[in-house]
Each structure stands twice: as structure tokens, then as C-alpha cells.
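Hello,

Here is the structure I promised to hand over. Please open it first, then read my notes below.

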Amino acid sequence: MLLRRFHSSHTSHRRYLALREVQLFSHLSDHDLETLHHLLHQRTYVRDEIIFDASEEGQAVYFILSGTIRVSINGETITTLESGQFFGEHALLENVPRHAQVRAAENCLIAVLFREDFLNLVHTHPQVAAIISQHCSLRQTQYPHLASQTAIDDASATNLHQGPGPIAWAGIITTTCLLLLIFKKILWLVVPFLLALILYYLLAPLEKKMVSTGSSRAFAAITLSGAFLLVTVIALLLVYPRVVANAATWQAGFAHYSAGGARLAEQILGDLQSQFSFLKNSHLGSNVSQQITDFSEHFSDRYLSRILSGLAAWLPSLLLTPIITFFMLKDGAQFRKMLGAAVPNAFFEKTLYLIHAVDQSARLYFVGLMKITVIDTLLTTLGLWALGISSPLILGLTVAVLCWIPYLGPVLGFAIVALIASTDMPGNINVIYSLAALFIVIRMLDDFFFLPAIVGRSLRIHPLLTIMMFLIGEAIAGVAGLMLVIPILGIVRILGETLEIILNDTRLQARHRYSEKLRWRAATRDIEK
């Protein structure tokens, strides 16, 4: 075990030394090099293997750790680069397709940094940005025809921006439905994982700040996830005694507000019966009032024990949330590197794009959901305060959280607020109409402004398909399906879109087969001698 740890430490040290040989990283501190090492993907290329083609969309920058590469345009070699140099940065900085083809002139070991990580490095380290700018200016001066070079076949550069076809959409929808069926069976694991994912995206910026100030990634993960767990435990310890002490009072309050809701329902339905003759003999008001009264009187006997037992059954599963969050914060970069190492070189940049697109879509969706929750809480609180409803902040937060459940959530939130309003202001039917108008306005703002601006662009799903998938999700997995179907569909859409691009890109497939031949030839070179 000690030898293994020594070997691992020694290997990491050698990798840091190799990174320091790269001119771009020669002035970085050991801590910065260690942070960078977690982001770099190491790839090996055999002699004459294509690293990337002209006209491809640039997704990464490459740093030569050993070996030599050859840069060519239309089959003519224009330059060679050696160990310590880097290439591929122009396409990232200028957001243009690759201008040249790059091949390995000999067996190479190359470190690859994805677009977003590279751009973050440029912003956080001014000295790196200065070296890159100087390097780009020098290269454009030496090779001015690169800037004016126009790719003949730019299909690979535009493929990523085309939507999936009908066959791909059929596979996407089918896969989404199958995942919903699976998740329904393991909901006890899916829920804490989703909560951990939301918590991870909220804590990730804090982790980056801690790492940038000198903390290790493991220390930042332990500190943040431990702080969340500690706050959660303290909150439970403070809330539980209060719940037990006020259980009888809350039960009486529930019965009180239910009685107010029964009176409101009887009043509204009585007005409807007086206006419409065919409802006069239906006794709807008295029937609904009696049902609400029975529900409130027998709530403790019939439902409360089930609710408490259900919460107790879910508690061990929910305690997994900070544990999952810790490993996401600590090993998220290693997980991405593991996925990248599992694919051939020809598909590597597409895989980097896929990993980033899935991560970015999930981040925008869940963080956007939290932003919309805050906005809805503020708007609902202000509206309830203006109408004179008691406890507007608590009710506003409750309504905003219930809105996570599409369609059913807003209706349930309105019902809760209407019960309280009808009890606090008995006989004031106008306040109920005002509440209905408030909820309609907030839902319209969410559907037409906040959701498209904050969440909609991350998933790129047509509204008609969204409605259809809501219905399918509810039919397959109930309320859980309503909440899960859209993020699952968005992620599966990216997977299907990228897979369709790879399968339809004959150039990538040809490059992969050629690389396999080169590797087989290199591996069997001395066997037949």
C-alpha cells in the first residue's frame, strides 16, 4: 500500500514537471499546476495519426508533453511543433473552425484542455492570457494565410448546431420513457441524487473560489458538504421539538382553516347554483363542504400517521445527499477524465463537447429552477402582503416550491393560500378573485418570460413536445414523472444529437479506422521479424 501511494505521488510529481516544461505553464505555482492537472486529459497518438482535421469545430487546446506534431494545409506541411509547445488555441479564442490539419510526426503524449477550462484559465491567470496573445500574434505574422484560409467542407463544424432527425427523436423519446420506468423503481436513490446535483451546482462556484485561493479540492469538498450536513442536522434538531410541542395546535389550526375553506366552497358553489338553474337541485355546496369537513376532522387518524411514516422511511435516503455531493465536488473532474479516456482519439473532442453540454444543460436547468423559485417567492410574497394575507413569506416560499410540480403544483399552492385567506377574511370573496388573478399573472410571467429566459434556452425543447412529455411522464411515474421528465429529456436529447452526429460523420469513422490500423501496425511491427 505504501509503495502504491509512493508510486502515485511520484507519478503525479513527474506529470507536474512535464507540465512545467510547457511554456504556457512555466510560471504557474505548484498549486495551480495541481489544479490544472485535474482538468487535463492525457492522450497518446502514434506516428502519422490525425489529431484533428481542418474545418472541425475546435473544442480543446493541446499541449505537447513529448514527441513532435506536423501542421499542414491541403497536404502541405507548414510547420512542426515539439515538446513544450501548444496548438489549437486560435479556434477557441476566435470561435472559428480549425484552419489546418494536425498529425503526429512521431509517437506523442499530449495533454488536452477543454474549451471552457481553457477560457477560465485565460481569465484567472493574466500571465497565461498574455503569453497566448503573444503566441497567436507571432503565429499569424509567420503564417498570414492561416487567417484567410477557408475550409472547403465545413459540415463537421456545423453539425453540432443542427437538431436531431425523426429517427433520433424517436430514440430520444423512447429512451426517456425507459429511464422514467427505471427511475420509478429506484426513486429512493434518484431523489437524493437530484438533490445532490442541485446542491453541487450551487456549491461548485464556492469550491472553485476556495481552490483558487490555495485550498485543495478535497478540503473544499469536505468543508462545503460538511457545512451543509451540519446546518441540516442543526435545523432538524431545532425543528423537531417545535413540531412535537405544537402538533396539537397545528392540528387545531388545520381544522380551523379547513372549516374556512368549506365555507368558501359552499359560498362559491351557492352563488353558481343561484346563477345556473340546472345546478339548483345538485346540492354541490353542501356536499363539498361536508367532504372538506370530514377530511379535516379525520386527518390525524387517516392521513397523519401515513405522512409521518413516509417521511421517516425517506429520511435515510435523503441523508445520502451530502455524501453524494461530497464525491461530486471532490471527484467530478476525475469522473470527466475517466469518461474521456474511454473513447478513441477520433471521437475525443466530440466526447468532450458531449460531457460539457450535458453538464451545462443540467446546470442551467437546476440553477435556473432555483432562480425561478427565488423570483416566484419574492413576487408571491409581495402580492400576498399587498392583499393583507398573513405569513406572506412562508406562503410565498411554499407556493414557489410547489411550483416544481408542473400543473398540479400551482393549483395546490393556490388552494392552500385560498384556505388561509377565506378563514382570515370570511365572506370576502373579492380577495379570492384577487388571489386567482395574482397566481395567473405570476404563472404567465413564468411561462412567457422567466422560464424561456432562464431555463428554456438550456434544453431547447419545443413547447408542444414539452406538454406531450409532461402527460407521458405523469402516466409513467406520476408526480415524480412530471418533475423528472423534462431534465431527463433535455439530457437524452444532447446524447442522441451527439451520437447522431458521430454516426453520420464518415470522416470521423474513417479517421478512427485509420488510427486503429496505425496502432495495430505499430504493435505488430517486430512480431514477424
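Which helix lies across β2 and β7? Helix α20, residues 506-523, does. Its course runs at about 145° to β2. Bear in mind that this is a predicted model.

Now the sheet itself. Four strands form an open sheet in the order β2-β7-β4-β5. Their pairing is antiparallel. The edges belong to β2 (50-52) and β5 (76-81). Each has a single partner strand, so one side of each is left without a neighbour in the sheet. On average, neighbouring strands of this sheet are turned by 30° against each other, direction ignored.

Inside that order, look at β4 (residues 69-73) and β7 (residues 101-104). These two strands pair in the antiparallel sense over 4 bridges. Val71 has Val102 in β7 as its bridge partner. Strands of a sheet pair through backbone hydrogen bonds, either parallel or antiparallel.

Next, the cysteines. A search of the whole structure turned up 0 disulfides. Cys108 has 4% relative accessibility, so it counts as buried. Cys177 has 17% and also counts as buried, because the cut-off is under 20%.

Last, helix α15, residues 348-387. How far apart are its end C-alpha atoms? They are 58 Å apart. The 40 residues of α15, at 1.5 Å a residue, should span 58 Å, so the two values agree. Just after α15 comes Gly388, with a positive phi of about 80°.

Best regards

Definitions and conventions
Residues are numbered from 1 along each chain as its sequence is written. This is a predicted model: local features need pLDDT of at least 70, side-chain atom pairs count only at pLDDT 80 or more; totals for chains, interfaces and linings use all residues. Side-chain values use heavy atoms; hydrogens and water are left out. Two strands pair if DSSP finds at least two bridges between them. Axes are lines fitted to C-alpha atoms, for helices over the stretch in contact, and angles run from 0 to 180 degrees between N-to-C directions. Contact means heavy atoms within 4.5 Å. A disulfide is a pair of cysteine sulfur atoms within 2.5 Å. Buried means under 20% relative accessible area, exposed over 50%, partly exposed in between (1.4 Å probe, protein chains only). The expected span of a helix is 1.5 Å times one less than its number of residues.
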